[in-house]
Amino acid sequence: MAAGRALAALLAALLAASAQLPRREASFTISLRAVDNVTVTIKPRPSVPPSCRIHVKNVARSELRIKPGNSTTFGFTCRAPEKYFSMEIEKKIDCVSGPCPFGDVHLYPPGLPRLNRTFIWDVKASTKAGLELKFTPWLKQIEPGETCPDSLSYNINSCIDKATVNIGTFCRNGSVSRVKLLGGVIMALHLPWDSPLNTSGFNIANRASIKRLCIIESILKEESSITLMSPNYPLGFPEDELMTWQFVVPSNMRASVFFHNYSLSNCERKEERVEYYIPGSPSNPEVFKLSDSQPANIAGSFNLSLQGCDQDAQNPGILRLLFQVVVQHPQVDENVTHLVDLSKEWNMTVTIHFEGWPIRTPLMSEPICLICKDPRNCDRALTLVSGAIYKISFLCKDLSRLRITAEKRISCVDLRWCQRKIYSLSVPNAITQLPIRLHKFIWKLLAPDLINIEITSPSLKLQQHVPEQRCNTSYSYSIVSATPETELNVGVFCPGGSIEKIQMRNNITISLKTFGKGFLNESSHQDLKMSFVPHIKDECTFTVSPDPKAKVYLQTPNWPYGLPPYVSISWYILVPSKQVAHLGFSKDRMGIVCETGRAYVNLKEETPGAEETVRREDELLPQPRNMYHNFWVNVSNCKPVERTQLTLQFQVTSADKQIDLGVIFAVVAGAGVLTAIGLTVCCVKKK
């Protein structure tokens, strides 16, 4: 028994000791032929544990390098070595002193361990010759920092003399079919450890000198959008270099070019530019600045070249370019032109744009919608200015994705000249007849000191948009009064209310905003007018004629943030002679504490001998009351203490005057008394 226990203890000790020894996984042998000129290097990745090493002939190493002509057997002292090591396989090809091994490029050597692998082909070639890389499948260029969906990527560098230029990083399954380079190339293929790929996906061919840095060929067979970048992006394109992109597009398709990000260097000689060669164009090459709108609606294939300049040695700057090419079928109505006559307008701009412009930048994957001034001058946003006539067309499958934003400026310098003039604030027919939804029309009304602005709506009148009485029309007006020091949001208004007139000091911005498609039907009924008037004492004065059939809600401007300090607002309420108006406030106090000054609410009927009702901020607001004549409501603000603001809302209900029966009885009784007195007098005289 004792011997058995001793044997068991010995076995347990041996097992414990073996458990503490480094575990060695399967061994690998890499044999390299000298003629292939291939070097294999296995490197540790960051954060490798001390127990994880490469084991070669009972020697533990952190890195292993196998040179051409050598054969090495090795293993790893840890599980999952793919977490801790990566492999680099570099093949040097000399096309200067000897013949080049053109054709398909193979992944050599075979039987490599399953690690993240980078195959590098370093090809030296004369600048008098060109090299061509042809890819299967085609590639897609990605921006620096992006990753490929399958974690498999190509990186291409051009080598001219001792200078290296990064042509770009690419994923598989794109449109780039060939890359032609001047001089040598360093081509890298990055494979994840679990990739089953066993072919490089490209071949190398010899070509005559291309006389430029590189040529990138992209084949676009169907509707698509691709993004490409200049070499070294986002760093600078090499000084005074030239490169070309060749786009192979079916003749029945249309291509458009958009520059999304670019910068220019500081040139001493020449000028940075792009040149287009378009088959059939009478002006090849067509030269553009990078800041120009680039050609659109190009039928079939074309070339695009980027030309650098001689840069300032002290301050060279950076030339770089990221652009998009969109290929689509010709649109059904691309030959349909729309006449936009702005010849009789002045101080007005009309911008047709994609939805969300200018705040939102459309994703490059979104369907493209273009507005064209002529068949080749198209863009995602087009601005037309007054004083001209335009013929425009659309390259867009869904016109509902487009919007119109317009702006018109009206100013008055001399009141004697403009006081008698009434301006119509309506959307011109040139805009409403387009098949594009109007998003916003902005009127900027500019008045100097001592001249004010009056807004009227003679027939429709205006309704103020308040929580208790929301606008439900197809459009509304937002009115803002502004000075260099302050801005007063007067409110949002829509047609169909009781406000006949608004008088305001300072410069005014009125923004008409549409909701849905109903505006096209209602646009012909617009009746908003404006004129310049003499100076008024309040910041803003409303003239209101309540509708007897409805309750009118009115509230102070800048709702819900409160009136600015020391601002005074007035409402002039019209009460017809046969009607009575009932006035009531929505709360019983102003709800503020003044830091300086006092806040007041004043009520006064416009009739001889009428008393004025005045309430301060520390008093209760007036009780509901009937008003039998036209009356004023005035609200004047102080400078409130922090976190309090003056916001008031009141309602006015108008109704026909009711005949008081008590008065009738009193009149009848009075008549009876007078009759009795008359009879008595008569009787006395007779006696």
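The legends below describe close-up views of a predicted model. Residues are numbered from 1 along each chain as its sequence is written, and side-chain values use heavy atoms, without hydrogens and water. Local features need pLDDT of at least 70 and side-chain atom pairs count only at pLDDT 80 or more, whereas totals for chains, interfaces and linings use all residues.

**View 1. The largest nonpolar core has 82 residues.** A nonpolar core is a set of buried Ala, Val, Leu, Ile, Met, Phe, Trp, Tyr and Cys residues joined through side-chain atoms within 4.5 Å; buried means under 20% relative accessible area (1.4 Å probe, protein chains only), exposed over 50%, and partly exposed in between. Trp443, Ile455, Ile502, Ile510, Phe532, Phe542 and Trp571 touch the most other members. Another core, of 80 residues, lies apart from it and includes Val165, Leu191, Phe202 and Ile210.

**View 2. Surroundings of Ile502.** Beyond its neighbours within four places in sequence, Ile502 is in contact (heavy atoms within 4.5 Å) with Ile453, Glu454, Ile455, Leu462, Ile479, Phe493, Cys540, Thr541 and Phe542.

**View 3. The largest pocket holds about 550 Å³ of space.** A pocket is an open set of points on a 1 Å grid over the protein atoms alone, where a 1.4 Å probe fits, with protein on both sides within 12 Å along at least five of seven lines; lining residues have an atom within 4 Å of a point. Volume is the space filled by probe spheres set on the points, which are joined across faces, edges and corners. Of the 29 lining residues, Lys140, Gly174, Ser225, Ile226 and Thr227 lie nearest the centre of the largest pocket. Strands S10 (129–142), S12 (163–172) and S17 (224–229) each give two or more residues to this lining; strands are DSSP runs of E, at least two residues, and helices runs of H or I, at least four, numbered from the N terminus. S17 supplies the largest share, six residues.

**View 4. The second largest pocket holds about 360 Å³ of space.** Its lining has 20 residues, with Phe258, Phe259, His260, Asp379 and Arg380 nearest the centre. Strands S19 (254–265) and S30 (377–379) each supply at least two lining residues, and the largest share, five residues, comes from S19.

**View 5. Helix H5 (residues 661–686) has the lowest mean pLDDT among the elements, 38.** pLDDT is the predictor's confidence in each residue, from 0 to 100. Over residues 660–687 the pLDDT stays under 50, and the model has one contact beyond four places in sequence for this stretch.
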